Amino acid sequence: MLYQLTNQLHEIDINQIEPNTRLIACFTHQQALDVKLPIDLTTLIAQPLSRFCKAEVHADCMIAAFSIPDTTFHKKKQFLLGIWNEMLVFIDDTHTAEAILKTLAETRQWKEPQLGRLVYDFLEMLVLDHPQKLETLENQIAGLEEDVFKGTLNHFNHQMIAIRKEVTTLSHTYRQLDDLTMELIENENDFFNDHELRFLKLFSNRINRLREETLTLREYSMQVREVYQAQLDLRQNEIMKVLTVITAIFMPLTLIAGWYGMNFINMPELTWQYGYPMIILCSILIILFCIWLFKKKRFL
């Protein structure tokens, strides 16, 4: 896929390339090996895909490697971007860059055709759905918080761990994207003018705001986790309280059972006609007294 940058992106054939034309190309690795362009793609093609976002400055170009998790977090969008003075070349086997360029070609028009502005719009499209994803994560954490207060604590840890993993992944991605953008802003090869650098700084600010949101979500998840732990402690305290009350009620009965289990000969209650019913009555009275006492002391 090859575009010419004027006031918008126009798809052209490789035979239509004219001198001093701003070009945007998007190829797979295999296509890049076979295509013939006015520039040497050897450095870009030799660059391996990275598991994180980074940028490197070379003598004649700048190469940026992207690794962005999709909204499902099941896979990553990995591709390379080579920046020359009048040309951008994407090496993309996942068709991520291809889809974004098609969208830009259909929806964007520029007063001045500038590669820096195109890079800015491309980066914006790359994270376009991320605010919605962060809002979804926030709603999930809020839902877990409601469940905790309702006493529904089943599978809490499993869900919270998954959410925190996604938040952490996004936070690392935004930090890497900011480092990549700052490398572009350094503009060591003088590819961008001041107007283009201003847009790149806008994207850096946007990425920093997204990262701040992830940090806020991380703190929120920690607070919900603490609330969950507090609810567990309350449940355990209630259980221990019930067990303590039951133990306190039956301790006198245990004493009576142990006392009369000695079976000494001179114990008059053993031969008394009403000894057995009297022990039953005493046990019932002791239980009632203990219950009344605990309720008075607000233990029950």
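Two strands are taken as paired where DSSP finds at least two bridges between them. The views below show a predicted model.

**View 1. The hairpin of β4 and β5 in the predicted model.** Strand β4, covering residues 54-57, runs antiparallel to strand β5, covering residues 62-69, and four bridges join the two. Four residues connect β4 to β5 in this hairpin. Within the pairing, Glu-56 has Ile-63 of β5 as its bridge partner. Ile-63 also has a bridge partner in β6, namely Gly-82, in a pairing where β5 and β6 run antiparallel and are joined by eight bridges.

**View 2. The open sheet of seven strands.** Read across the sheet, the strand order is β2-β1-β3-β7-β6-β5-β4, and the pairing is mixed. The edges are formed by β2, at residues 9-11, and by β4, each of which pairs on one side only. On average, and with direction ignored, neighbouring strands in this sheet are turned by 20 degrees against each other.

**View 3. Strand β1 with its partners β2 and β3.** Strand β1, residues 2-5, runs antiparallel to β2, to which three bridges join it, and the two strands form a hairpin with three residues between them. Two of the partner assignments can be followed residue by residue: Leu-5 has Leu-9 of β2 as its bridge partner, while Gln-4 is bridged to His-10 of β2. Towards β3, the pairing of β1 is again antiparallel and extends over three bridges, with Tyr-3 having Ile-24 of β3 as its bridge partner.

**View 4. The hairpin of β6 and β7, and helix α3 across the strands.** Four bridges join β6 to β7, and these strands run antiparallel; three residues lie between them in the hairpin. Ile-83 stands opposite Leu-88 of β7. Helix α3, residues 96-107, lies across β1, β2, β3 (23-27), β6 (76-83) and β7 (87-91), and its direction is at about 145 degrees to that of β3.

**View 5. The packing of helices α5 and α6.** Two packed helices are described by the angle between their axes and the distance between the axes. For α5 (residues 130-150) and α6 (residues 156-186), the angle is about 155 degrees and the axes are 11 Å apart. Angles over 145 degrees count as roughly antiparallel, and α5 and α6 are therefore roughly antiparallel to each other. Their crossing is left-handed. On the α5 side the contact is made by His-130, Lys-133, Leu-134, Leu-137, Gln-140, Ile-141, Leu-144 and Val-148, and on the α6 side by Phe-156, Gln-159, Met-160, Ile-163, Glu-166, Val-167, Leu-170 and Tyr-174. Sorted by class, the residues of this contact are 11 nonpolar, three polar and two charged.

**View 6. The packing of helices α5 and α7.** Here the axes of α5 and α7 are 10 Å apart and the helices pack at an angle of about 10 degrees, which makes α5 roughly parallel to α7. Among the contact residues of α5 are Pro-131, Leu-134, Glu-138, Ala-142, Glu-145 and Phe-149, and these face a set in α7 including Arg-206, Leu-210, Glu-213, Leu-217, Tyr-220, Val-224, Tyr-228 and Gln-231. By class, the contact of α5 with α7 has 14 nonpolar, three polar and four charged residues.

**View 7. Helices α7 and α8, with the annotated transmembrane regions.** Helix α7 spans residues 194-260 and helix α8 spans residues 275-296; they pack at an angle of about 155 degrees, with their axes 9 Å apart, which makes α7 roughly antiparallel to α8. The crossing of these two helices is right-handed. From α7, the residues Val-245, Ala-248, Ile-249, Pro-252, Leu-253, Ile-256 and Tyr-260 meet Ile-279, Ser-283, Ile-286, Ile-287, Cys-290, Ile-291 and Phe-294 of α8. This contact comprises 13 nonpolar residues and one polar residue, with no charged residues. In the unreviewed UniProt entry, the annotation "transmembrane region" covers residues 242-262 and 274-294. In the model, residues 242-262 are 90% helix and 0% strand, with the end C-alpha atoms 31 Å apart, whereas residues 274-294 are 95% helix and 0% strand, with the end C-alpha atoms 30 Å apart.

Terms used: Residues are numbered from 1 along each chain as its sequence is written. This is a predicted model: local features need pLDDT of at least 70, side-chain atom pairs count only at pLDDT 80 or more; totals for chains, interfaces and linings use all residues. Side-chain values use heavy atoms; hydrogens and water are left out. Axes are lines fitted to C-alpha atoms, for helices over the stretch in contact, and angles run from 0 to 180 degrees between N-to-C directions. Angles under 35 degrees count as roughly parallel, over 145 as roughly antiparallel, 65 to 115 as roughly perpendicular and the rest as oblique. A crossing is left-handed if the near helix is turned anticlockwise from the far one by less than a right angle, and right-handed if clockwise. Contact means heavy atoms within 4.5 Å. Ala, Val, Leu, Ile, Met, Phe, Trp, Tyr, Cys and Pro count as nonpolar, Asp, Glu, Lys and Arg as charged, and the others, Gly among them, as polar. UniProt positions are given in the numbering used here, feature names are shortened, and annotations may be inferred rather than shown by experiment.
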